[in-house]
Amino acid sequence: MPAVSKGDGMRGLAVFISDIRNCKSKEAEIKRINKELANIRSKFKGDKALDGYSKKKYVCKLLFIFLLGHDIDFGHMEAVNLLSSNKYTEKQIGYLFISVLVNSNSELIRLINNAIKNDLSSRNPTFMCLALHCIANVGSREMAEAFAGEIPRILVAGDTMDSVKQSAALCLLRLYKASPDLVLMGEWTSRVVHLLNDQHMGVVTAAISLITCLSSKNPDEFKTCVSLAVSRLSRIVSSASTDLQDYTYYFVPAPWLSCKLLRLLQCYPPPEDGAVKGRLVECLETILNKAQEPPKSKKVQHSNAKNAILFEAISLIIHYDSEPNLLVRACNQLGQFLQHRETNLRYLALESMCTLASSEFSHEAVKTHIETVINALKTERDVSVRQRAADLLYAMCDRSNAKQIVAEMLSYLETADYSIREEMVLKVAILAEKYAVDYSWYVDTILNLIRIAGDYVSEEVWYRVIQIVINRDDVQGYAAKTVFEALQAPACHENMVKVGGYILGEFGNLIAGDPRSSPLVQFNLLHSKFHLCSVPTRALLLSAYIKFINLFPETKATIQEVLRSDSQIRNSDVELQQRAVEYLKLSSIASTDVLATVLEEMPPFPERESSILAKLKKKKGPGAVSVELEDGKERGELNGGGDRGGDAAIAASNASTPSPSADLLGLRSAAPVSGAAPSAGSLLVDVFSEAGPAASSSGANDDCFLSSAPPSAASEDPAPPLPESDELLNKFVCKNNGVLFENQLLQIGIKSEYRQNLGRMYLFYGNKTSVQFVSFSTTVSCPGELQSQLNVQTKTVEPLVEGGAQVQQVINIECLTDFIDAPLLNIKFRYGGALQNISLKLPVTINKFFQPTEMAAADFFQRWKQLSQPQQEAQKIFKASHGMDTEVLKAKLLGLGTALLENVDPNPENYVCAGVIQTKAQQVGCLLRLEPNAQAQMYRLTLRSSKDTVSQRVCDLLAEQF
């Protein structure tokens, strides 16, 4: 509201405001307001026509009364009349009243729209701005229908003043957000994009907000903005603070515009034009360089503006994930912020490094800051910063540092905030499982977890340790011994009792030879905890007792006495009573052979997704559609299983009637375990030691793996592969995880693993919009000869993808013989009624089936000479298209799947590799030699293999990577 001053002439308003402020009580204030409302009402209804000044004054009073929290039910027509005034102050108050008090359903909207049309056509810039502000503030659908076609014309007109263009751009943005279906740019698109070249920085700043929003919904229409945005960013970044004096904020040129430009570029993939991409890389390097320069001012505003641009630049670098040098530099820059005195900077640095940790190029650089991150976890005062530190430790973990990180997270758990303990427990359990090479360490870690934070250890965690112990013969004895020792503590958490009861019931015989852990000692130890436990845990212990009778006949009398006691067979809980009665009868009448058959040891669990991982994903929520591929690194080789087992699994399945407590480990939801050898189909599905997200639990579920799309998509022909399909395919030759495709609607993430001639791929389809995708379907096809070279099985996906959510799909691949082409992935869905039809090449290349082979120098050259026939060799000499960084070259050669042989080539600058490609038909040995010439920026790549087509294909694939 405009300030009230003597010069403004509204003395009555000033007196009224003064009276309100001087009221001693609420009653006095209401009395004064009612008196004023009666006076205003009489003035409006009087016979004497009010002049513009009086209307303005009374409308201002009504506005003030409304702002005090009182309802206003009259005066709207007088405000509308003020819009037709030629005086700025009167028109301003009229628009202000309408913006605040008139809702979008008002009957006056038509009159207001007519007044706005008159002001927009008046060519008076002040009146035009007032009208545009009113449209933006009300933002009703009626206004969008009335002005959506007029405002773009004003925005791009050559004679429109800069201030009006700014208002028009922001007004159009408001209408587009409220009613996107009514704001159709059409013919105005190119002219709106070219506003990025406008000389007035304010116009550019307003226009870029509009273009960013429009690009997010219609990326193809506005893709020409990328080159213009890069050009404008380059001019700003390279300018001195004196060049843009009116838009320099504490020695930082146009910081808001720079941030918006960087954010706009994040809507698109890296530019295809080499010149544009080179210019953008220069801009990003300049921003990183400026971050290293000493500050030009000690004011906090200077550092805030400078860091805002830096973090947006780093976000863009992470989004592209294609420039190794920039990624490493960004990581080093963020590393400096980890010890900054400003808490917000430390938080942002940790958050950004979490994303960097998932990139193959920057993962090693992130790991160098492990000590700083651990220190932050221990010493930070702010819980949100500590949580980000824990997230970063989880993201940077791999086989080389898993034990250190898990130990630190366990140590921190003892003093961690209650709000993050459950998530910390899940992460520790996942890391211990994923990177466990020594399974005794895994068991120790989980038992420590239960001891330290038992209340936060969910059922999924102790289910998982039981699954893994049952599936690993080599760790069963150690687990029984360790859990027996843990149960001897005076105070044990109930989860520890559950694990102890289950493991001792299954494998107590492995430690029964020691007098200190004899069968009776084991039983007495478990039974000493019985009275302290809840009903589900007591039910599990009763199942363990009946197992003891089978394992240790000498304990039969003691256990029967316990089962026969009134506290069991007359228990008020029907489940415990039934178990006690049935177990007692079973132990009394069954022969030894029958008892051994009924109570035999649990069979291994089928392969399935770790339930802990699923719980962590659920806890994180659908959130960032940027697909969380669980740090994208190699998974641990654990023979863990799905959610099966529990006390009911210990006991005979017929021994008691099912009840809620009889299914503690989700036994009813599990697939039946068959003792028969797996079929060829189930071998393909279950070959991996640990399945990924939503993998089937056994070969019995193979029915859900289909090679055809659902009927809903059959009516439309698949689209031809996107022009950039080959480029997207080449990105994944040396890596298995990342984002395969992204536009403004859909993001497709990929995670894959290969062993011998078999592969499993997980595709994550993320809906980036707030509108659901319907009739969502995918088809994977093998064109031409590829049908006889690859066997591909796909699992169908859900036909409905909610806004902001993601669905996943499992694809199993079997390599029958060597191949050149890639399978085609076709995705169809309807968004806002329009059919989207996208086809891509799946990144399945022959090198994915490499098995690395270590060789001594003599063996290598002997084999090299044996493969000397012309058709067995493929060679390429080519110009380097990326920097010739040693570490990056090694990472790519290892990512190819071969073994990198050290000290073999006489020239230490050269690289030699060896591997065997595994197909069902044959094994193809391959030797590789890469000779870089740093001075000439050239490479010579030589491939020799026992099959000519393999040599040429691998040579072609690898040449594109350097």
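A residue counts as buried when its relative accessible area is under 20%. In this predicted model, Cys 926 falls in that class, because its relative accessibility is 3%. Cys 213 is likewise counted as buried, with a relative accessibility of 15%.

Cys 213 illustrates the point: the nearest cysteine sulfur belongs to Cys 267 and lies 9.5 Å away, so Cys 213 takes part in no disulfide under the 2.5 Å cut-off.

Turning to a serine, Ser 179 sits in the loop that runs between α10 (162-178) and α11 (189-193). Although placed in a loop, Ser 179 is buried, and its relative accessible area is 4%. Leaving aside residues up to four places away in sequence, Ser 179 touches Arg 141 and Ala 144.

These residues can now be set against the chain as a whole. The chain has 962 residues, of which 54% count as buried; Cys 213, Cys 926 and Ser 179 are among them. Its secondary structure comprises 41 helices and 17 strands.

Note on methods:
Residues are numbered from 1 along each chain as its sequence is written. This is a predicted model: local features need pLDDT of at least 70, side-chain atom pairs count only at pLDDT 80 or more; totals for chains, interfaces and linings use all residues. Side-chain values use heavy atoms; hydrogens and water are left out. Buried means under 20% relative accessible area, exposed over 50%, partly exposed in between (1.4 Å probe, protein chains only). Helices (H or I, at least four residues) and strands (E, at least two) are DSSP runs, numbered from the N terminus. Contact means heavy atoms within 4.5 Å.
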